[in-house]
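These are my notebook entries on one model, kept in the order in which I looked things up. I begin with a strand and its neighbours, then turn to charged pairs, the ligand and backbone angles.

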Amino acid sequence: TNQISQMHDEPKKVLVLGGDGFCGWPTSLHLSKRGYEVIIIDNLSRRNIDNELEVESLTPIRPMGERIKAWKEMTGKTIRHLNIDLATDYDRLYQTICDEKPHAMIHFAEQRSAPYSMKSPRHKRYTVNNNMNATHNILCAIADSGLDIHLIHLGTMGVYGYGTAGVKIPEGYLDVEVKTEQGERVEQKILYPTNPGSVYHMTKSQDQLLFQYYNKNDQLRITDLHQGIVWGTNTEETSLDERLINRFDYDGDYGTVLNRFLMQAALDYPITVHGTGGQTRAFIHIQDTVRCIQLAIEHPPAEGDLVMIFNQMTETHRVEDLAKMVKELTGGEIAYVPNPRKESAENELHVKNDLFLSKGLNPITLNKGLLEEVTDVARRYANRADLSKIPARSVWTKEQQAGVPVQI
Ligand code: USQ
């Protein structure tokens, strides 16, 4: 049934869409190291957004050509890069799939910041156009090629919403009992109802329907990874040489909560807790992200299976508890700032992650040594930080724009 493995001998070929980004780059190296032939497709949009926002990764990431050259020097392995805009250049995407006949495609190629997606109508529309068209073009091209390619998508825990009414969030599907017209009770398996909290998270919710449709209509094999907030910077491979270093975002739009706190502490900048810090979120270390992707490639859904959904997270924490942990570690100060987002003051979050554990993931959890490692990265490149870029300025509503805080 697998035409692909019959068409070409090992090594297995993977296209990493969005392979220049924070998760895509370390994944590309991890897979290349393990013998996969890696082709990165990336239009360098993340670097262009850095230009737009006039901010840079705290770590000095190198241009794509230099990254790939350094990887070749260090390991002898070749990674190719194609600059294709997946949202607009369907023909090149389709042709590349037909020419390369990859075994799997990993889709990281979406605008991933919630605050960026809420900055203005232009940013909302860009996020929707970019993310929805990229996902649809990829699905359409795989179906059109007739090749049996396993698509792995980087989704988000944010599709579930963060208030779960005491339910332990299942992996993608909810078993519900409904009454028929005759009053008979029947069981159904439905996608967990989505409840996104930003335009960005909404695009990932929409992605789920596109996957469900192409899986049903064209029997595409699809794995959707509902990932939590990633922390950490480097993996085994990005640590091999400074030219391979991963990006580290700390600004108010792209910096994610734990990495921001660690960086702020390292720079003696007050730790920016939004509101009361009562939000609970799911977390995963970047090293586990790349391991999970490898596990997902190695365990494709069988032909005819539904879209396979994994919760790609290893632990949950309250934002305020993280701030206190970082404060204790570094002696930093906490600053409670008005929440720029529209989110509830507090939430409970319980999440199932049995699938990855059953496939052999041995999770890395928050520990002092690792937290310190990140603080060290921040201290090392502290002179590159622009402190004026730290506050989160993107707000969710017109009221907030006018300076009135919202509470839900
Ligand atoms: N927060 C603070 N202080 C800060 C920054 C954030 O208190 O300085 C709070 C936010 O208000 C929010 C929580 O921390 O309640 C998480 O914010 P975040 O920016 O770390 O994460 P989020 O916007 O949810 O997005 C990130 C990634 C996104 C991914 C998502 C996974 O940017 O691509 O999908 O994490 S998840 O959060 O599980 O949906």
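**Entry 1: strand β4**

Which residue in β5 is the bridge partner of A104? I looked it up and found H150 in that place. Before going on, I noted that the model is predicted, that local features need pLDDT of at least 70 and side-chain atom pairs pLDDT 80 or more, and that totals for chains, interfaces and linings use all residues. I also noted that residues are numbered from 1 along each chain as its sequence is written, and that side-chain values use heavy atoms, with hydrogens and water left out.

Strand β4 comprises residues 104–107; helices (H or I, at least four residues) and strands (E, at least two) are DSSP runs numbered from the N terminus. I recorded its pairings, where two strands pair if DSSP finds at least two bridges between them. β4 runs parallel to β5 (residues 150–156), and 4 bridges join them. With strand β1 (residues 13–17), β4 also pairs in the parallel sense, again over 4 bridges. On that side, M105 in β4 has L15 opposite it.

I then examined the faces of the strand. In a regular strand the side chains alternate between the two faces of the sheet. For β4, A104 and I106 lie on one side and M105 and H107 on the other, and all are buried. Buried means under 20% relative accessible area, exposed over 50%, and partly exposed in between (1.4 Å probe, protein chains only).

**Entry 2: salt bridges**

Side chains of opposite charge can pair when their charged atoms come close. I counted a salt bridge wherever a side-chain nitrogen of Lys or Arg lies within 4 Å of a carboxyl oxygen of Asp or Glu. How many salt bridges does this rule give? The count comes to 30.

I inspected R34 and E236, whose side chains meet at 3.8 Å, N to O. R34 is in the loop between α2 (24–33) and β2 (37–41), while E236 is in the loop between β10 (229–231) and α9, 202 residues apart. R34 is partly exposed at 34% relative accessible area, and E236 is partly exposed at 45%.

Next I took R80 and E37, which form a salt bridge at 3.2 Å, N to O. This pair links strand β3 (residues 79–82), where R80 lies, to strand β2, where E37 lies, over 43 residues. R80 has a relative accessible area of 34% and E37 has 27%, which makes E37 partly exposed.

The pair R221 and E303 has its closest N and O atoms 3.8 Å apart. R221 sits in strand β9 (residues 221–227) and E303 in the loop between α10 (286–298) and β13 (308–312), so the bridge ties together parts 82 residues apart in sequence. Is R221 buried or exposed? R221 is buried, at 14%, whereas E303 is exposed, at 52%.

**Entry 3: D249**

I located D249 in the loop between β10 and α9. D249 is buried, because its relative accessibility is 7%. Its side chain makes a polar contact with the side chain of R46 at 3.1 Å and with that of R112 at 3.3 Å. A polar contact is a pair of N or O atoms within 3.5 Å; within protein, one must be able to donate a hydrogen and the other to accept it, and residues adjacent in sequence count only if both atoms are side-chain atoms.

**Entry 4: the ligand**

For oxygen atoms of the ligand I noted a polar side-chain atom of T156 at 2.8 Å, a backbone N or O atom of G158 at 3.0 Å, and a side-chain N or O atom of R260 at 2.8 Å. Taken alone the ligand exposes 740 Å², of which the protein buries 95% (Shrake-Rupley method, 1.4 Å probe).

**Entry 5: positive phi**

Most residues other than glycine have a negative phi. I found E54 with a positive phi of about 55 degrees, in the loop between α3 (45–53) and α4 (64–75). E54 is exposed, at 62%. D268, in the loop between α9 and β11, has a positive phi near 60 degrees and is exposed at 71%.
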